[in-house]
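Try each task before you read its solution.

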Amino acid sequence: MRRPVTVLVLLVGLAYVPFLGNPLLWDDREYMHLSPFTKSWENLPAAFTTARQDRGWTEKPAYRPLATATYFVDYALWKMWPVGRRLPNLLIHLATTVLLYRILARLLSQTGPAFWGALLYGLHPSNSEVILCVMFRHAALSGLALAGITWLHLKGHGRAAAPAALAAGLLAKETLIVTPALIWLLERFAGPVRTAPGLKPGPHAALRAAAPYAAVVCVYALLRILLLPGPEFDIRPPGMTPARHVLSQGLTALAAIPALVAQSVWPARLSVDYVIPRVQGWQDPRLLLAAALAAALVAAARRWARPVPVAALGLI
């Protein structure tokens with residue numbers, strides 16, 4: 001398995017190394033260079049206790065202290081040297097690609113398809129945003145955390161090490177709150193591959209497997225609410241109630257699915273600053289398209305659940 005890993009690292013690394021020295025993108029240059037926050041170690045504790053807008057690198061408050069802490073190290077080592085600032089993002093991406101290869105090899109029991117799948121991920125153009133934009137390190141770290149969680153879970157460390165990795169990953173980006181659902185899907189669809197042929201764990205077994213991760217998410221949410229209160233976290237549009245805001249955010253995320261799928265298949269219009277118009281009501285045609293696409297994927301997953309459970313997992 002060492003040779004495919006070496007080839008993966010070389011191919012993916014060589015694809016991005018020539019671009020590490022390019023001038024920093026506008027986000028990196030304006031927010032990180034002009035902000036004094038990460039230039040002094042005295043501010044490091046505040047990265048774990050606040051999420052103010054005046055840090056300079058975000059237009060909206062975001063609590064991602066693990067990613068923020070890496071910027072202190074960056075500045076101490078490299079100041080604003082583009083290569084040094086982007087290098088951690090590339091190393092994180094390489095580590096994620098290698099973990100994905102190991103995950104696929106374990107699930108498929110074949111190194112060939114696992115290699116090509118990991119290479120497709122490693123070289124996919126959409127990942128260039130995460131590597132070349134320093135401020136997207138939270139996305140790179142959350143991807144690495146999810147791959148690490150999955151690998152540890154497959155190795156049988158789903159009660160301690162993998163949930164601990166989730167706890168760390170949540171400090172990089174809050175989107176990892178979906179991990180319990182992903183673990184449930186992994187157990188539900190890939191269980192026969194990981195155990196014995198024909199042995200399909202029922203929904204209760206999958207729920208038990210996801211329970212430690214759900215507990216971590218609940219603790220994270222509780223601590224975030226208790227320790228980080230205040231109006232700085234209120235990012236609702238003026239006049240919008242909390243319930244309506246949550247509903248609007250959820251519908252907007254659902255409406256974004258077709259655009260994200262299209263970008264994965266044909267990444268012709270990449271950007272570091274995507275703007276997805278907020279969904280205002282159920283009549284939005286994007287919701288119908290998203291629902292139809294989701295239904296088609298679920299139907300295909302059910303079709304492949306028995307003959308190729310890993311394919312079903314991938315579709316979901």
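A residue counts as buried under 20% relative accessible area, as exposed over 50%, and as partly exposed in between (1.4 Å probe, protein chains only). This is a predicted model, where local features need pLDDT of at least 70, side-chain atom pairs count only at pLDDT 80 or more, and totals for chains, interfaces and linings use all residues. Residues are numbered from 1 along each chain as its sequence is written, and side-chain values use heavy atoms, with hydrogens and water left out.

**Exercise 1.** Decide whether Gln263 is buried or exposed.

*Solution.* Start by finding Gln263 in helix 13 (residues 257-265); helices are DSSP runs of H or I with at least four residues, numbered from the N terminus. Next, take its relative accessible area, 17%. Gln263 is therefore buried.

**Exercise 2.** Work out whether Leu77 is buried or exposed.

*Solution.* Leu77 sits in helix 4. With a relative accessible area of 56%, Leu77 is exposed.

**Exercise 3.** Describe how helix 4 and helix 5 pack.

*Solution.* Two packed helices are described by the angle between their axes and the distance between the axes. For helix 4 and helix 5, the angle is about 140 degrees and the axes are 9 Å apart. So helix 4 is oblique to helix 5; angles under 35 degrees count as roughly parallel, over 145 as roughly antiparallel, 65 to 115 as roughly perpendicular and the rest as oblique.

Methods. Helices (H or I, at least four residues) and strands (E, at least two) are DSSP runs, numbered from the N terminus. Axes are lines fitted to C-alpha atoms, for helices over the stretch in contact, and angles run from 0 to 180 degrees between N-to-C directions.
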